[in-house]
Amino acid sequence: MGDFLSDGQRLVFVGGLHRSGTTLLARLLASHRDATGLNGTGVSEDEGQHLQNVYPPAERLGGSGRFALDPTAHRTEQHVTANPQSAQLLWDAWRPYWNSDAAFLIEKSPPNLLMGRFLQALYPSASFVFIVRHPVTVTLATRKWRRRTPLPRLMENWFTAHRAAKSDLPHLDRVHLVSYEWLLADPAATLAGVVDFLSMPGGVDVSSVDAGGSERYETLWRDLLADEHRGAIKAFHRYEQSAQEFGYDLGDLRRAPRHPLVQTTGAALP
């Protein structure tokens, strides 16, 4: 890692499923006076996954709402490409798009959620910030891109991804978890926790956070269940218990776990 970063620099990977708030979170962190995100890349959402050829981007594994169902999306330190050559290739692909004078280099790509162990093997001092959003909200938000994919299949992608991510957590040295619901309910406190974890001096302006970012999905889900929409009912019954294991309630989209990816009883947000 010393071959890449200057003294005092930190590499930060942001991850989470599509439509989970990764873009919002990464932009907030990159707005810090001492941080930089990838800029002017010309690729979708300035995501590093689209700039490299070390690992397949999500779109080659089925895309949003499906990529986690491909077993190859989950990559660890045991992968054949977890080597110094890959570290150099990724660095060379991303470096031109960062402000090289910044202390915190932010790279955001949804697949990072499933590649923490792999990326840590390449960059041992890196930090990880993962954001988790209610499985129903992610499913409904992804649905507009995947009209032909049944709701239960989209929801299966959520649980497959987060079970893998949860199994990886004990292997990561520096990881911080954020609930999207926390971010909407109390953006200042939520970002303060991330900033403190990363040891960023000062704070981050959170005025751009829309507290009502999930309201339309709450209404849509209630309507689908009330109308006995086949896919919604099937997804509800199939994953109701699994959601509870993660602290979520499929009947209440405003209920978030006390800690994402940890089996616990959810606490209603204000």
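This note sets out points on aromatic rings, charges over rings and backbone phi in a predicted model.

1. Basis. The model is predicted: local features need pLDDT of at least 70, side-chain atom pairs count only at pLDDT 80 or more, and totals for chains, interfaces and linings use all residues. Residues are numbered from 1 along each chain as its sequence is written, and side-chain values use heavy atoms, with hydrogens and water left out.

2. Aromatic pairs. Rings of Phe, Tyr and Trp (its six-membered ring) are paired if their centres lie within 6.5 Å; planes under 30 degrees apart count as stacked, over 60 as edge-to-face and the rest as tilted. The count by this rule is 13 aromatic pairs.

3. Trp158 and Phe246. This pair is edge-to-face, because the ring centres are 5.5 Å apart and the planes stand at 85 degrees. Trp158 belongs to helix H5 (residues 151–168), whereas Phe246 is in the loop between helix H9 (230–245) and strand S6 (255–256), 88 residues apart. Helices (H or I, at least four residues) and strands (E, at least two) are DSSP runs, numbered from the N terminus. Trp158 is buried, with a relative accessible area of 1%, and Phe246 is likewise buried, at 3%. Here buried means under 20% relative accessible area, exposed over 50%, and partly exposed in between (1.4 Å probe, protein chains only).

4. Phe159 and Tyr239. With ring centres 5.1 Å apart and planes at 10 degrees, Phe159 and Tyr239 form a stacked pair. Phe159 is in helix H5 and Tyr239 in helix H9, so the pair ties together parts 80 residues apart in sequence. Both Phe159 and Tyr239 are buried.

5. Ring cluster. Phe4, Phe13, Trp91, Trp94, Trp98, Tyr123, Phe128 and Phe130 are linked by ring pairs into a cluster.

6. Charges over rings. A charge sits over a ring if NZ of Lys or CZ of Arg is within 6 Å of the ring centre and within 35 degrees of the ring normal. Lys166 lies over the face of Phe246, at 5.4 Å from the ring centre. Arg133 lies over the face of Tyr180, at 4.0 Å from the ring centre.

7. Positive phi. Most residues other than glycine have a negative phi. Asp46, which is not a glycine, has a positive phi of about 50 degrees. Asp46 is located in the loop between strand S2 (35–37) and helix H2 (84–94) and is partly exposed, at 27% relative accessibility. Glu228, also not a glycine, has a positive phi of about 55 degrees. Glu228 lies in the loop between helix H8 (215–226) and H9 and is exposed, with a relative accessible area of 63%.
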